[in-house]
Structures are given as C-alpha cells and as structure tokens.
Amino acid sequence: MSVIKINNLTKYYGTHKGIEDVSFSVEEGEIFGFIGPNGAGKSTTIRTLLTLIYPTSGSATIFGKDIVRYGHEIKREIGYLPSEVFYYDNMRAIDILRYSASFYKKDCEERMHRLARIMELDLEKKVEDLSFGNKKKVGIVQGLLHSPRLLILDEPTSGLDPLMQQKFFDLILEENASGTTVLFSSHILTEVQKLCTRVGIIKEGSMVKVDDIRSLKGDTYKKIGIALAEDEPARDFEMPGVSNLKQEGRQVTFIFRGDINTVIARLATVQVRNLVIEEPTLEEIFMHYYN
Amino acid sequence: MNIFTLELRMHLRSTIIWTVALLLLVAGFAFGFPVIRQNVAAMNGVLQMMPEGLKKSLGLNVIDLSQPIGVMGFLFMYITLVAAVQAMSLGLSVLSVELRDKTADFLLSKPVKRITIVHAKLAAAITCILSTNLIFAIVARVALDLLSTKPYPLSLFLALVLSVLFIQLFFVSLGALVSVFLSRMKTVIPLALGVVFGFFIVNLLNESLRARPLTPFSPFAYFSTGTLFSHQGFAYLWVGVNFLLVAAFVTGTYLRYLRKDMPSV
C-alpha cells in the first residue's frame, strides 16, 4: 500500500515555479530518499504535503486521504522535522514538547523522556538558551514523541554533530523496523545511501528518476577508470552509455551504463596500463542525472 | 483549547501593561477632578476664549466640566486612543506572531484545522480585551461614584465604557485582517500607532466640521464624546455600522488565513 501518493503535483508561487508535475509514491514501511540540490523543490513538495502551502494543481494522498481535505486528520499520524526548527522562545524544551504532545490524543510523556535521554537533551533549558544543534534535538523528539506512522524529514541532519547524527539514524532505523514509513529529503547522498531503500531525484522542480537504490547503484552503472599507456584523446571513449567523461593526462574516468562488452571491445584497441571498474557512489549517479 | 491557553499566556504581560496604562488615566481623573472642580470658573473662562472648532473637536461644547462624568467623558477621548492602540497591536500580532517567530511550521504541521487556530487565537485576543475592559469599567465606576455628588445617567456611563470595548473590537479585527494580508511583519507597534492615529485624526477633523461628514470613516467618530453626551447614550446607527465592519473584518481574516501559503523560513 502506498502511504504517500503524489499525482502531478504543481506549485507556482505567483509566476515563479516551485514544482511541476511531480508524481511519485512512498510505500508502507520503506525509507524513501528524496534527493536534489538546494532549491530543486524538495521543501516545496514536503510543505505542500503538510498543507503549509496549497497546490496550484494536481493532488496527493497520505494514508489514502486527500491532503487538502483531510490534512488535520492525516497529521495525527505524521511526525515532521524541518531543517531549521523554531520554537516559542520563552518556553522550556519540556514545555514545547508537552505543548506538542497536547495535539495528539495519547500519552506521550514516557516516550518523550526516553527520546530525550537518547538524544542527550536537557529538557529544563529554555529554548532561547539552546544551541542550534540542541534545538534540533528538541525537533527530533517533537517529531517522534507521538509514535507517528509516517515520518517526514526535511534535511534533518544539519546542525547535528556526527555522533548525534548516528544516534538519530539509529532512531530512524528503529522506528522503521517497527513499521514507520519515512520520507527523507536530503542533498547529502551518503546519508541517503546509508538509510534509504528507494530514492527519488528532483531537479529544477521536476522528478527525473525514482528508483530502487540498489538498481541505481547496482549492475546497470559502472564507474570506469583507465590509466593509458600512451597519449590518447578522451573523445575516443565517447560512445552511447558514457557520461561524466573526464581526462587528466593519461587518466580517463567515466560512468558507463549499458553492455560492458562494448567498453571491453573499445579497450582492446588501446594500450592500457591500469584499469579499475567499480560501483559508482550515489553521488556520481546523481551527478549523472544533473549533467 | 491548548492553543487558546498558550495564546493567553503569551499575551498576559502586554495585557497587564495596557490595563495598568488605562487605570493610570482613571487615576489621573480621580486625582485631577477635585482640582478642576475648585477652578471651574477659571476653566470656563478658558473655554470661552477657545475657538468654536477646537471646542467641538475636543467635545467641550456638550460636556459639563463641573461634573465628574463630564470630565471623565473628556478623558475618554484619550482612553479610547490608548485602548485602540492596545487592540490594534494585539490584532496585528495574534495571527502573525507565528510567522515572525517562524513557529508557523510547527503549529500547522500539528493535527489541527486552520479554522480552529483562528478560533483559538481570536478568542484569546478577545478574552484579553474583555478582561482589560472589565477591570477598567469597575475601577472607573468606583472612581466616578466616589467623586459624584449628584446622580449621573447610567446609560451615559455604560455608553462611555462600552464604547471602549466596541472601538477595541473594531481595531482588533482590523489588525487581524491586515496581518493576514502581510507576508511578514518585523514589528507591530509602529503600524498599530500609525493606523490608530490616522483614524483618530480623521475624528478630530470630523468633529470640527459642521455636519460631521467624515463620521463613516473613523470608529472614534461613531463613539465620539460629543455624540455620546448629546444622545446621553449611543447613536445606534453607528454602533450597528461598527459591528458590521467588525463582522466583515473577521470574515475576511478567516477566508484569507484558511487559504494562505505559509512562507518558508
């Protein structure tokens, strides 16, 4: 079952395009990575899903319910963590969290304290006295305390030190193991690679690809590095399936997608000193879509 | 209910400050009136030298400064001014504060309808205003009773006190309406002062003109001291106009807020 289903969602801010014809779905129980550089439309998509802004056209459902019509009902089961969190300054962390909990019809007290312990958060401090990273921790606890069925994380790791990031990832994986679906937006591909099962790539407001992370990284793409024995222009390697072709002296690298035999046949015609064929990182695949 | 309670807590301090400001005006009246009473003859002399237009502007043509209710009526022009600034800044901030402090994302990602948010916030603002008015009315009544030697018309006192409330309702709803059309306000007080003084000046001008042609354009004119004293109570037409406008502002506020795109932080 699809937890999130987005159909041709379009959002214009006046005449300025936010997103256009975005469609994808997030299945129950998966961690879906939503990747693209800043300004590509990730936050616009997420803010539309949460009806912080309203779509210009198209539609989306969460748990099978229309986001605009049933927004308040849907949000009972959603935990949201934005990249920058802001709270009422004169309140203590615990006041914010209790206020947040008061919107859900369940007792969140015990879970709140457990999460705060894991994230090493001092609940008695006033929000205005918290550092950026500590505010973020309040955000994490706030997003998780009501045991949501869907977590929407928009660039969630900014401001967290690596140790805390790891704890946060462990928490997400733990939630996911108990059935929570996760939409994880990020421009940092290594973290998407660590967590996600499927990814959607967004570019200039439109989806360019939705794929299983293994098939994205898997056998269809190879990163090929060749050390040539003699001078050879790189354009000799321009053929269908080659992208990101780069040459530095006698060192040639490119990403190849297609039948590997065509590369081998081409290599047979030149003198090679060394050859490396490896799995490309998600980052390299990503750049492939952006070039 | 949780939003309502939080709003009340957030506005508690400013409500106390504004209430104290109004009470200081009443105290000024209580301590000032005996002095005025002793010098009524001299006061009347001064009044006679004033140009007619100025006297009308200040409502001094219809009120009797030898009576406590007269002096209080004179003071009400300034009381309503202070009260209007309180209401306007409250109205401007109650819905926009979430955008200024960037907490809108937090609140709107909670399972709550936008209409419920507006209900709660407006209810909190009105509660603040009602408390201010209640305390102010009680203290004003006590002060007036202590100083009065002759009975005064209760209808006039009620009209004076309620006019503060009605003017506040006008400004709180106008403030809310303006705030939902602005994308992000940095500060509230300068705008509140500007708008309120604008309407106040329209009223001063209106009172100095023969047929009061500008009455429709300022709530201060609906409840001007001159009008209240010459009617010994409200001019009901303008009370009605005031409430129609309040209803229109509130409706506009709801319609806009329900469809508004929250700017990202």
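Reader: Leaving aside its neighbours within four places in sequence, which residues is Ser224(B) in contact with?

Author: Asn203(B), Glu207(B) and Arg212(B), where contact means heavy atoms within 4.5 Å. Bear in mind that this is a predicted model: local features need pLDDT of at least 70, side-chain atom pairs count only at pLDDT 80 or more, and totals for chains, interfaces and linings use all residues. Residues are numbered from 1 along each chain as its sequence is written, chains are lettered from A and ligands numbered from 1 in the order in which they are written, and side-chain values use heavy atoms, with hydrogens and water left out.

Reader: Why does Ser224(B) count as buried?

Author: Buried means under 20% relative accessible area, with exposed over 50% and partly exposed in between (1.4 Å probe, protein chains only). Ser224(B) has 4% relative accessibility, so it counts as buried. You'll find Ser224(B) in the loop between α9 (219–222) and α10 (225–231) of chain B; helices here are DSSP runs (H or I, at least four residues), strands likewise (E, at least two), numbered from the N terminus.

Reader: How many helices and strands does chain B have?

Author: Chain B comes to 11 helices and zero strands. As for burial, 52% of its 265 residues count as buried.

Reader: What makes chain B as compact as a globular protein of that length?

Author: Its radius of gyration is 20 Å, close to the 18 Å that the globule rule gives for 265 residues, so chain B passes as that compact. The radius is taken over C-alpha atoms, and the rule is 2.2 Å times the number of residues to the power 0.38. Those C-alpha atoms fill a box of roughly 65 × 35 × 30 Å along the principal axes.

Reader: On to the interface. What area is buried between chain A and chain B?

Author: About 2400 Å², with carbon and sulfur atoms giving 61% of that. Buried area is the accessible area (1.4 Å probe) that two parts lose on being put together, summed over both. Tyr54(A), Tyr88(A) and Phe103(A) supply 29% of what chain A buries against chain B, more than any other three residues. The contact takes 23 residues from chain A and 28 residues from chain B.
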